[in-house]
Amino acid sequence: MEENQKGFWNTLKARWYQKGLKYSTLPKIALNIILPKAKGCKTFLDVGAGCGTLAIPLAKAGKQVTAIDPSPAMIKILNEEIKNKRLKNVKAINAAWGEVEIKPHDVIICANVPELLKDSKTFLKEANELARKAVFLIEGADPNADKFYYKELYPLLFNKPFLPRSDYLKAYTDLHTLGIFANIEMIEYSFDQPFDDMNEALEFWKEYMGIVTGEHDEKLRNFLKGKLERFKGGLIARFQKKSAVIWWKK
């Protein structure tokens, strides 16, 4: 789960992602679609695996998983999870797609890796060739969807709108031009982000928005006071996301 290859997921962001993952319904909802359609498949390659959003539950389901991600911070967390959960059927590889040779797997999964799908035809073709039985992509639906309250925060802090982003439609169109006529299922899931206190929340938004000075702190803090909920002695931001699961069998 990466957004700008190696440079985006520093240790701070990776740890926040891990904290949020504990309250995400994505793994359960995604695997409820993937596992029945991949019945009989034993080996899974998770591309952009992050800290194990899908790799860990796949391994718990008895699958042999190879998890590849370019972020050292994410792979470090994934290896910690593998050790803590005593999983013997997950192999973590710290590399970007194309940097190392990967053997064919029954199933290839790529979930929420927009950077890899920006110019997706090469990756889609390679993934299709490497998968023995099926490929599953998960990508955001709705280019106008909000992110971390950015639709309100960008005008408030930067005096400009939060622009639309590409979504699943580009990858689906690219597949069509490659002669791959994939299936689509829409899913909605929660990915709530917990914080110990308001100072951590402030640090979170400043890090994600690239704010390095304190000039916006007061506005941002007042804004977050109206958004965050009290939760287990701390705070939590509630987020709902909609994505498309694009899949096809070989």
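These are my notebook entries on a few local features of the structure above.

**Setting up.** I am working with a predicted model, where local features need pLDDT of at least 70, side-chain atom pairs count only at pLDDT 80 or more, and totals for chains, interfaces and linings use all residues. Residues are numbered from 1 along each chain as its sequence is written, and side-chain values use heavy atoms, with hydrogens and water left out.

**Helix α1.** I began with α1, residues 11-21. Helices here are DSSP runs of H or I with at least four residues, strands are runs of E with at least two, and both are numbered from the N terminus. At the start of α1, I found a side-chain oxygen of Asn10 within 3.2 Å of the backbone nitrogen of Leu12. Next I listed the buried residues of α1: Lys13, Ala14, Trp16, Tyr17, Gln18, Gly20 and Leu21. Buried means under 20% relative accessible area, exposed over 50%, and partly exposed in between, with a 1.4 Å probe and protein chains only. These residues pack against α2 (26-37), α4 (72-84), β7 (193-195) and α9 (198-209).

**Cores.** I then looked up the nonpolar cores, which are sets of buried Ala, Val, Leu, Ile, Met, Phe, Trp, Tyr and Cys residues joined through side-chain atoms within 4.5 Å. The largest has 65 residues, and Phe44, Phe136, Tyr149, Trp205, Leu224 and Leu228 have the most contacts inside it. Helix α9 gives the most to this core, with seven residues. Another core, of 26 residues, lies apart from it and includes Ile108, Ala131, Tyr168 and Trp248.

I followed up on Phe44, leaving aside its neighbours within four places in sequence. Its contacts (heavy atoms within 4.5 Å) include Ile34, Leu58, Val65, His105 and Ile109.

**Aromatic rings.** My search of the whole structure gave 24 aromatic pairs. Rings of Phe, Tyr and Trp (its six-membered ring) pair if their centres lie within 6.5 Å; planes under 30 degrees apart count as stacked, over 60 as edge-to-face and the rest as tilted. Trp9 and Tyr17 have ring centres 5.4 Å apart and planes at 75 degrees, so I noted this pair as edge-to-face. Trp9 and Tyr17 are both buried. Phe204 and Trp205 also make an edge-to-face pair, with centres 5.0 Å apart and planes at 70 degrees. Phe204 has a relative accessible area of 0%, and Trp205 likewise comes out at 0%.

**Charges over rings.** A charge sits over a ring if NZ of Lys or CZ of Arg is within 6 Å of the ring centre and within 35 degrees of the ring normal. I found the charged end of Lys227 over the ring of Tyr149, 5.3 Å from its centre. Lys241 lies over the face of Phe191, at 5.3 Å from the ring centre.

**Backbone check.** Tyr149 came up again in the loop between β5 and α7, with phi near 65 degrees, a positive value in a residue other than glycine. Phe148, in the loop between β5 (131-140) and α7 (150-158), has a positive phi too, near 50 degrees. Both are buried: Phe148 has a relative accessible area of 12%, and Tyr149 one of 9%.

**Cysteines.** Lastly I searched for disulfides (pairs of cysteine sulfur atoms within 2.5 Å) and found zero. For Cys41, the nearest cysteine sulfur is that of Cys110, 17 Å away. Cys41 is buried at 6% relative accessibility, and Cys110 is buried at 0%.

How values were computed:
A polar contact is a pair of N or O atoms within 3.5 Å; within protein, one must be able to donate a hydrogen and the other to accept it, and residues adjacent in sequence count only if both atoms are side-chain atoms.
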